[in-house]
Amino acid sequence: MTATQLVAVALMCVGGFFFLAGTVGFLRFPDLFTRLHALTKADNLGFGFIGAGLAILSGSWAVAAKIFLIWVLLLISASACSLLVARGALRNGITPWRKP
Amino acid sequence: MMAFGYALCLFLLANLSAGLLFVFRGRVAPVWMLGIQIFGTTGAALLLVLAEIQQEPALRDVALVCALLAAVTLVSYAQRIWSRPAAEEDTP
């Protein structure tokens, strides 16, 4: 395994760890708003790391640019959609969880 | 490299399944909207990894479509389920 492949595999492992963190957060957090945090932040960061590893593996600037653009699209859409969901939830009476 | 790629795909699929299982068992209504977001992000990552290890560049376009569909679906659902009270008076 070359050094390039090693770096790419390391990046993808970090991305996988962030995906795991996002999923565990989604399953274990107490209410809708904290689950939105887990999904929007952790999952997109994991996607960024996996995308970086794949861009290094592919060895092509065109592929790396495409992966980067998909990641930016996911970031923007996740932010906008989480805002919509949270705003709708607040307006319709779902209150944030308080520590008992 | 192929073994690692397939292991990563299985791992992402397990994450996706865990999220979707929780969504379908959920009691709170808006949680299934988050399932759409999980599907978009994790599904796109899964497709990107598959595109690399199977040397199939078309799967990257599928990942892009997956991300776009998740965004559009979430916006339409949020607008539909949680439309403003003033807007409901406009509907016939």
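## Ground rules

Residues count from 1 along each chain as its sequence is written, while chains are lettered from A and ligands numbered from 1 in the order in which they are written. Since the model is predicted, local features need pLDDT of at least 70, side-chain atom pairs count only at pLDDT 80 or more, and totals for chains, interfaces and linings use all residues; side-chain values use heavy atoms, with hydrogens and water left out.

## Chain B at a glance

Let's start with chain B. It has four helices and zero strands, and along the sequence the pattern reads α-α-α-α. (Helices are DSSP runs of H or I with at least four residues, strands are runs of E with at least two, and both are numbered from the N terminus.)

Chain B has 92 residues, and 45% of them count as buried. Here buried means under 20% relative accessible area, exposed means over 50%, and partly exposed is in between, using a 1.4 Å probe and protein chains only. Now take the contacts in chain B between residues at least 6 apart in sequence: 61% of them join residues at least 24 apart. A contact means heavy atoms within 4.5 Å.

## Helix α2 of chain B

Helix α2 of chain B covers residues 31–53, and the 33 Å between its end C-alpha atoms agrees with the 33 Å that its 23 residues should span at 1.5 Å a residue. That expected span is 1.5 Å times one less than the number of residues. How much of this helix is buried? The count is 20 of the 23 residues, so α2(B) is largely enclosed by the rest of the structure.

B:Glu52 sits in this helix and is buried, because its relative accessible area is 10%. Leaving out residues up to four places away in sequence, B:Glu52 touches A:Leu54, A:Leu57, A:Ser58 and B:Arg60.

## Just past the helix

Just after α2(B) comes B:Gln55, with a positive phi of about 55°, even though B:Gln55 is not a glycine. You'll find B:Gln55 in the loop between α2 and α3 (58–81) of chain B. Is B:Gln55 buried or exposed? Its relative accessibility is 60%, so B:Gln55 counts as exposed.

## Where the chains meet

The contact between the chains takes 39 residues from chain A and 36 residues from chain B. The area buried between chain A and chain B is about 3400 Å², and carbon and sulfur atoms give 81% of that. (Buried area is the accessible area, with a 1.4 Å probe, that two parts lose on being put together, summed over both.)

Across this interface the rule finds one salt bridge, meaning a side-chain nitrogen of Lys or Arg within 4 Å of a carboxyl oxygen of Asp or Glu. A:Lys66 forms a salt bridge with B:Asp61, with the closest N and O atoms 2.5 Å apart. On the side of chain A that touches chain B, the elements giving two or more residues are α1 (3–28), α2 (32–58) and α3 (61–91) of chain A. The largest share, 14 residues, comes from α3(A). The residues on that side of chain A divide into 26 nonpolar, nine polar and four charged.

## A look at α3 of chain A

A:Trp61 lies in helix α3 of chain A. At 79% relative accessibility, A:Trp61 counts as exposed. Between the C-alpha atoms of A:Trp61 and A:Ser82, 21 residues apart along the chain, the separation is 31 Å.

Definitions and conventions: Nonpolar A, V, L, I, M, F, W, Y, C, P; charged D, E, K, R; others polar.
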